[in-house]
Amino acid sequence: MSFFFALKSPLNASDRIERRRLIFSDTLSMVTLFAITALLAVLTNYLYQSYASHQVELAARWLQRGEQALRDNKPQAAIDALSSALAFAPNDRSTAIKLAEALADAGRIQEATVYFNALLESQQGNGLINLQLARLAARQGNESQAIEDYQKAIYGNWEGDGYVRRREVRLELINYLIAHHRLNQARNELLVASGNAPSDDISVQLEIARTMELAEDPGDALHVYKTILHHHPSLREALDGAGHTAFQLGYYLQAKHYLSRALELPATEPGSDQGPAGALRQSRDELAEASRLLALYPSPRLNPRERDSRILTARKLAMARLAQCTRDKATTPANLPTATSAPAPKSSSNPLQSLASRFSRQPSKPAGDQAAPPAAVDPLQGLLQRWQKLPAKISMADLEKDPELAQTQVQLIYDTELITQQVCGAPLGDDALLLKIAQAPNQVEEE
Amino acid sequence: MSTATETPGVNPVPGMPEGVDPAEIAAERRYRPNPAEVQRLAPNRDERLFLVLAIFIGVISGLMVVCFRVAISWIQVLTLGSSPHPGQLRLFLVPMGVGLVVAALVQLVFPGARGSGINQTKAALYIYNGYISFRMVMGKFITAGLAIGGGFSLGPEDPSLQIGAGVASIVSRRLNLSRERLRMFAPIGAAAGLAAAFNAPISAILFVVEEVIGRWSAAVLGSIVLAAISSVVVARWFWGPEPMFRIPVVTLKGPQELLAYAVLGIAGGVASLLLSKALGYLRPRLRRLPRWTFYIQPPIAGLIVGAIAYFGAPQVMGPGYNVIDQAMHGQFTWKFLLALALLKIVATTISFSSGTPGGMFAPTLFIGAMLGASIGTFEKIFFTSFPISVGSYALVGMGVLFAAFLRVPLTSVFMVLEVSGNYSIVLPVILANTIAYLVSRSLQPYPIFETFTHQDGLDLPSMEEQREESVLHLEDALRPVTLPVFPGTATLQEVSAQLAIADAPMLLVKLRDGSWYAMNRGEYTSIAATQTPDTPLERALKPDRIPLLFPDLPLDSAIPYLARWPVLPIQNRASKGTLEGMVTLEDVLCRYQQQ
């Protein structure tokens, strides 16, 4: 305590005694004060610790109730319980996240968003919070915000198995993009997901391939299915998927191959769960269709006789289709004056002739219209003219003798199917199969 | 504190705080030396002890406030339950029961515990030489803890301030310090208590300066800062360093948003007026009722608050910090927020006017936050072009009501910044607070604590008036030098010749070292009579000289010298010896009379 007093002072003896008493008194006071402070600190600490432990207990109790309410799908009760839990443990992030989830479940999207944003402030880059914000933005219909938050979630921080969570979030984003018809973005994300997916994780590969199908990317989906089949040649889901996607792409030979293998698998084959009846029926239908299509297809690989036979069959189908389409077109309201002024004759034995006769009776058009190319004015007329240039009757011998004629005939068949589909709508039956061949004839037998 | 503070005219010993036995004070001093004697034995002792004690006071106040807050929380959980919701019968009954207990304690055991604690602390400072009894501190601790924990719409900050001041008073009395020092310990403890309660040292210091001391005083500021920081360190040891409220990041999107904050400022000013008027109306009327009603006023207030809680708004109970937090995070609709603000005004007015111990800070913050969040939510819904963050509006609303209701504009700005830990919002806070403060001032001439003071029959200094009082300077009373000025080397003969011509009543002498001397005719005549005519003037003068005085010094700084000198030359600070003018006692008095 000498610190508080000057070292030298002009005091007499009694003053010095008094000063010593003062020093002693002050020292005693300070020691007492210190002791009281220490005692108070201990008491305060005890009181605080007991309260803090009680708070922890209460927080745990309310959290448990809140979680139970969430499981019971009682969001309002969950909100009440979790709010109470949070009041006792305000810094508990997981409780706050659960409360925000409960708010979202209760439809209180804005509050939940604010909550998550507040949480994000203290945990910038948290993957889970960004994911929740993305889901809330998606629920609010804020597409750009949702996508941005999904991206942040993908590249955010995740506790534990972050790799898996990031992939799950990316797939969720892809599904969101598909649902909102942002297919290009979805395909890009799918390519990243496919590149990052482990090759030995079949379920992930399958999910990516299926999602690619949903994103209208059957080419990449087929590639993924083939990769799977390379390792697991008898996996029914992969065979089915490959068959479907090959069918969509017009690879009918491949489609038949995969689908027939899939349908041949016994029910007990691992991974050969027969699946829903609808899917099975679809596989069977596609297989049947692919088989029939391949039977119609005048493949260059066939021997000439078989090929010419198929060309003639296709010719009949195409001519009938053209005749039907021409009749349909003539009876539509847009062509009503023509149709009423010159009703179509009854179908003759040669549809091509009847068609020609009908077109010849059509009234003459203005000079301006006549100057235009016929195909541009009416694609059917141009088609008809091309048919008229060919011989009225063609035999297998003709085709065998003149491969160029065979090629011209095949091309005209395809063009007929394509043009009639544009003018008269999608055909049915074998015409539909011919149309599919016509759309990509070179892919039919691609392996 | 004293009955004089709360119930004028019933204090048994005039000038002595109620509940304090004069023998208690005598006993405290019985074995202690006289402060004057102590000062003689150890001249620097008080000054050095002052700083050390400030730290002790800060630490002890911090511990006491932590205990106080924990006690409130314990009582809250034990009485109202851990998750109060509308329809719980205990919400209806507990505040009434607690009110009964508190009323009995206040009337029978702790009569000085009524009120918030701010005015009591000011009374201790200005009337009782900083004296706050141990019984009063304990009484405030127990009764305010019970009331706030039991659901009364009151806050713990003002009682914490008084508890801190009481701790300071108790500690300083034990060390036999001078009266002046003892008096200054009250604001030191007050700052410590408030800082620990708010977890905001700067705001606490500013509040004590703005509302308790009234002006900046270098003598005490250092100790206040030490005590406030010590107490906050203690409080943070327990509560942690996080700010009281979790505020979302606020970014001002454009100047048009300031317009929205200005609207909030106006609304806050009006809301503070409503609260002030309600308190100003109800409180004196309840206090004028017969004394026996003091036993039933708190229970009835508790019943009303309990009814509000039972029928749908338990948020109004207690300080409501968690509700403020929820409002900041947009968890309520704007209509409910507005309803909460209005219900809180009702609940707080009734709780406080009933004489239940507890503070006004937390309710003020609550009302402001609800009002701000309500306006923010409304604007967000109906003015979609405004990029509004409800949290920032709630935060600014808190500051707005604080500035308008308590009339502490500077504290309100720093309080918002400190309790949120968010400095990005400073511009809206300053704008809205200033508007609210001006609106409040124009509509309500007296600040609320001054109103309470008048209601209690006391005449404590108005801090708002003191803050705004214009201080007169010497330049305000300055007049041109019209007296003859002589150099010190002039002989008496020369001076006499010129004085005969000038006929001046006084004269000024400029000495070679730049100092000045002034004398009247009588002094000169006596000098001239005793000296030879060729004596230089400077040799004939008395040894003292006029002190250096400059135009920017306070006017009252001249008064002590005017007893000795008939006129004071006022010099230029840049050019020693050059006169700016002069003042006489008459000039000074005239200037004061003109003010």
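Okay, quick one to start: where in chain B is the place of Asn199(B)? It's in the loop between helix H9 (179-198) and helix H10 (201-213). Keep in mind that what we're looking at is a predicted model.

So what's up with that residue? Asn199(B) has a phi near 55°, which is positive, and it isn't a glycine. Most residues other than glycine have a negative phi. Asn199(B) also counts as buried, because it has 22 C-beta neighbours inside 10 Å and the cut-off is 20 or more.

There's another case like this in chain B. Arg407(B) has a positive phi too, near 60°, and you'll find it in the loop between helix H17 (390-406) and helix H18 (409-420). Arg407(B) is buried, with 26 other C-beta atoms within 10 Å.

Now, the core. The largest nonpolar core has 156 residues, and the ones touching the most other members are Ile57(B), Ile188(B), Ala191(B) and Val208(B). Helix H4(B) gives the most to this core, 18 residues. Let's zoom in on Val208(B): skipping neighbours within four places in sequence, its contacts include Pro187(B), Ala191(B), Leu194(B) and Ile224(B). Apart from this core there's another one, of 95 residues, including Ala59(A) and Ala314(A).

Last stop, where the chains meet. Here 31 residues of chain B are in contact with 31 residues of chain A. On the chain B side, helices H3 (35-41), H4 (45-80) and H8 (157-174) each supply at least two residues. H4(B) shows up again, with the largest share at 12 residues. By class, that side of chain B has 18 nonpolar, 9 polar and 4 charged residues.

Terms used:
Residues are numbered from 1 along each chain as its sequence is written. Chains are lettered from A and ligands numbered from 1 in the order in which they are written. This is a predicted model: local features need pLDDT of at least 70, side-chain atom pairs count only at pLDDT 80 or more; totals for chains, interfaces and linings use all residues. Two residues are in contact if their C-beta atoms, placed from the backbone, lie within 7 Å. Helices (H or I, at least four residues) and strands (E, at least two) are DSSP runs, numbered from the N terminus. Ala, Val, Leu, Ile, Met, Phe, Trp, Tyr, Cys and Pro count as nonpolar, Asp, Glu, Lys and Arg as charged, and the others, Gly among them, as polar. A nonpolar core is a set of buried Ala, Val, Leu, Ile, Met, Phe, Trp, Tyr and Cys residues joined through C-beta atoms within 7 Å. A residue is buried if 20 or more other C-beta atoms lie within 10 Å of its own, exposed if 12 or fewer, and partly exposed in between; C-beta atoms are placed from the backbone.
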